[in-house]
Amino acid sequence: MKDNNLFYMRRLLLGDEAIALSAIHSGISGVYAYPGTPSTEITEYIQHMQKSTPESEKVFCRWCTNEKTAMEAALGMSYMGKRALVCMKHVGMNVAADAFVNSAMTGTNGGLVVVAADDPSMHSSQNEQDSRFYGKFSFIPTFEPASQQEAYDMVRDAFEFSEKYKIPVLLRVTTRMAHSRAEVETCDQKRPQNECSFPENPRQWILLPANSKVRYNTLLQEQELFEQESANDPRNKYIPGTDKSMAIVACGIAYNYLMENYPQGSPYGILKISRYPIPDTLIEQMLSDGIKKVMVMEEGQPVAEEIMLQKISSKVEVVGRLTGELPRVGELNPDSVRKALGLEPLKAHESDDIVVSRPPALCQGCGHRDMYKALNEVAAEFENSRIFSDIGCYTLGALPPFRAIHSTVDMGASITMAKGASDAGQFPSFAVIGDSTFTHSGITGLLDCVNNNANVVIIISDNLTTGMTGGQDSAGTGRLESICAGVGVDPAHIRVVVPLPKNMEEIKQTLREEIAYNGVSVVIPRRECIQTFKRHAREKKNNK
Amino acid sequence: MKKDIILAGVGGQGILSIATVIGEAALTNGLHIKQAEVHGMSQRGGDVQSNLRLSSDPISSDLIPTGGVDIIISLEPMEALRYIGSLSKEGWIVTSTIPFINIPNYPDTEEVIKHIKAIPNNVMLDVETLAKNAGAPAQASNMVLLGAAVPMLGIEYEAIKEAVRKIFSRKGEEIVNSNLAALEAGYQYSLESTK
């Protein structure tokens, strides 16, 4: 029901922006995040909104060093009774996992909503893990909006839910939701931020075994309540069909692909899922419709399909990604769903094989280019150089013309893998890591190197920003040398160069000297990202 | 009314500003909109596209089904052909003829143009020259392209002009006018070539 005293507005918003705006309208006091596609725009939108927000209503919105620090800081804000939002890409959940999983044990005080933006089809990621597993694994209720409008509406509900049950809520979106615009009706009535208050049950926040054992039992008992709440959410529903041969379970945006193919309505019953745990009552309602087969459509991994297999008797066939009706990997789309439904494809032109692929590349004028040119030439002077790289723009050093790197695994793995390889006898063993990735998860690895005096050359390619995600602040800007020295790297072996073609000989010579040094060397090629450089130049011009 | 559009180009060319203008005009006209964008890694000089859907009825999917595309609007000729397999039999290609060559194996440009010409409904234009002749800077080339797509959009030209005015207004009257001139150049060219 609409309250006419409230101010409704129709806006064109990215899924990420709808989440951000709703969080602001829900009265958050802070957003905690590390940039990661496709989640970055949530925090950016909140940051942008602060410019026009009165001082008394401003929220904390500076970027965090990594997803774990973000999750923990948000938990601290929740402890103080205030509402906090945490945002990350799916693989960020791995970094935050320790804090995330245990936040189910501490519970919350102020509302706490964690957004995980999954990237099925790996548009900009190294895997397509499904964050719903984290929700299930941690016993944290998971919301999965089917549209940008649902995303906006659900963030509000998620905060209310979190405060009602004193539990974090996981909001799971995927790339097509995060990075697609749609019109969203917003209710521009900002809920005031919470006042500070300490938790009612302070013991619950001290996860000593004696406390945890009590809490874990409570958490398990509460699952039934969470399931009941899922059943009461009108976005979770069973819509009966006329054709009883099959029913379709449609989770999140899979529902849209299904309806795209049935603009006049589906002949089959649909169990629409936008919230987990999936309520048994709805599954029973679907089965009591006398259906013979259940097809499960979901973005990501077969989470709901496995639940259906577990809950539905073998007399009813369950099909989906596991059985091959839908592709086992990659995101769904209207075509794959159409095929699964046995509908004829639409008529189209033939594809044209004159088209060749156009892979992404490092920008012209990018400092990483000069770094790789020098590194490749020096590495070639040794018979068996190995270059362990990391996550960021410089991962593109894997592609022609550089073909420079031998590994990219996870944030920070370059340094520790170079160390492990060196332990195993590799020489020379290089790590290539960006400044933001270094502060995210490289510093602890560097400490391991120092403690073992590992014979490694660590190149921190410093472009003074978090480049790949569009140029966000980098946590260690201006302090990389002192961080490395503080960790224990000999200052004589912390070398800074400027990656420009004219300095090529100097860079190569520096690398050669550090390879010759038997110990931990850090070489920092430092030049501003060409994209942020251009942006800053534009801003300067506009401000004149 | 229902139009499914693919906007195509190379990362950094500015296809999203075309989407912003169409989106603004559609929103003011009370249409439903969905627009899937590409962010992240592929923006670094790789191929980029955006699925833009407009309809007087609610829209389900953020992505356009294969065979459902009504118009491909492309800032680069080979990129226009990349999505030809999604174009409906009656669909239109509106594309810039200026190749963006940042790969060693870019096909023969004349062949690319020939392939586009083979599609019955096409508008091909040199957006940069048209922008220049209209007295607009090269950055306004995308507005030339948008202008050329206006006759197929199903949105009144006046509404598109209004959206351009609104979006560029904070950059000053001069920028607004040069973008409107670029838009008009593309619009007139398109009317002429589809006569």
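This is a predicted model: local features need pLDDT of at least 70, side-chain atom pairs count only at pLDDT 80 or more; totals for chains, interfaces and linings use all residues.

Colleague: What's up with its backbone? What is the phi of A:Phe139?

Modeller: The phi of A:Phe139 is positive, about 65 degrees, and this residue is not a glycine. For background, most residues other than glycine have a negative phi.

Colleague: Which phi does A:Met122 have?

Modeller: A:Met122 isn't a glycine either, and its phi is positive at about 50 degrees. A:Met122 sits in the loop between strand S4 (112-118) and helix H5 (132-138) of chain A. With a relative accessible area of 39%, A:Met122 is partly exposed.

Colleague: And cis peptide bonds? Which residue does a cis peptide bond join to A:Pro401?

Modeller: That's A:Pro400, and omega there is about 5 degrees. A:Pro401 is in the loop between strand S14 (386-388) and helix H14 (413-423) of chain A. Another cis peptide bond joins A:Phe427 and A:Pro428, with omega about -5 degrees. A:Pro428 belongs to the loop between H14 and strand S15 (429-434) of chain A. In general, most peptide bonds are trans.

Colleague: Let's zoom out. How many helices and strands does chain A have?

Modeller: Chain A has 19 helices and 18 strands. Its C-alpha atoms fill a box of roughly 75 × 65 × 55 Å along the principal axes. Of the 544 residues in chain A, 59% are buried.

Colleague: What radius of gyration does chain A have?

Modeller: It's 26 Å, which agrees with the value near 24 Å that a compact globule of 544 residues would have.

Colleague: How about chain B, what does its secondary structure come to?

Modeller: Seven helices and six strands. Read from the N terminus, the elements of chain B go β-α-β-β-β-α-β-α-β-α-α-α-α. The radius of gyration of chain B is 16 Å, close to the 16 Å from the globule rule for 195 residues, so chain B is as compact as a globular protein of that length. The C-alpha trace of chain B spans about 40 × 40 × 40 Å along its principal axes, and 59% of its 195 residues count as buried.

Colleague: Now salt bridges. How many turn up over all chains?

Modeller: A search of the whole structure gives 48.

Colleague: Which residue does A:Arg358 meet in a salt bridge?

Modeller: B:Glu79, with 2.6 Å from N to O. This pair crosses between chains: A:Arg358 is in the loop between helix H12 (334-340) and helix H13 (367-379) of chain A, and B:Glu79 is in helix H2 (residues 77-82) of chain B. Both A:Arg358 and B:Glu79 are buried.

Colleague: And within chain B, what does B:Arg53 form a salt bridge with?

Modeller: With B:Asp4, where the closest N and O atoms are 2.9 Å apart. B:Arg53 lies in strand S3 and B:Asp4 in strand S1 (residues 2-10) of chain B, so the pair ties together parts that are 49 residues apart in sequence. Both B:Arg53 and B:Asp4 are buried.

Colleague: Which residues are linked in a network of salt bridges?

Modeller: A:Asp118, A:Asp130, A:Arg132, A:Glu144, A:Arg172 and A:Glu298.

Colleague: Last one. Which residues gather in a patch of positive charge on the surface?

Modeller: A:Lys534 and A:Arg538, along with B:Arg170 and B:Lys171. B:Arg170 lies in the loop between helix H6 (157-168) and helix H7 (173-193) of chain B.

Colleague: Why does B:Arg170 count as exposed?

Modeller: Because its relative accessibility is 73%, and exposed means over 50%.

Notes: Residues are numbered from 1 along each chain as its sequence is written. Chains are lettered from A and ligands numbered from 1 in the order in which they are written. Side-chain values use heavy atoms; hydrogens and water are left out. Patches are made of residues with over 30% relative accessible area and no salt bridge: like charges are joined within 9 Å, nonpolar side chains (Val, Leu, Ile, Met, Phe, Trp, Tyr) within 5 Å. Accessible areas come from the Shrake-Rupley method with a 1.4 Å probe; for residues, only the protein chains shown count as cover. A salt bridge is a side-chain nitrogen of Lys or Arg within 4 Å of a carboxyl oxygen of Asp or Glu. Lys and Arg count as positive and Asp and Glu as negative; His and the chain ends are not counted. The place of a charge is taken as NZ of Lys, CZ of Arg, CG of Asp or CD of Glu. Helices (H or I, at least four residues) and strands (E, at least two) are DSSP runs, numbered from the N terminus. Buried means under 20% relative accessible area, exposed over 50%, partly exposed in between (1.4 Å probe, protein chains only). The radius of gyration is taken over C-alpha atoms; the globule rule is 2.2 Å times the number of residues to the power 0.38.
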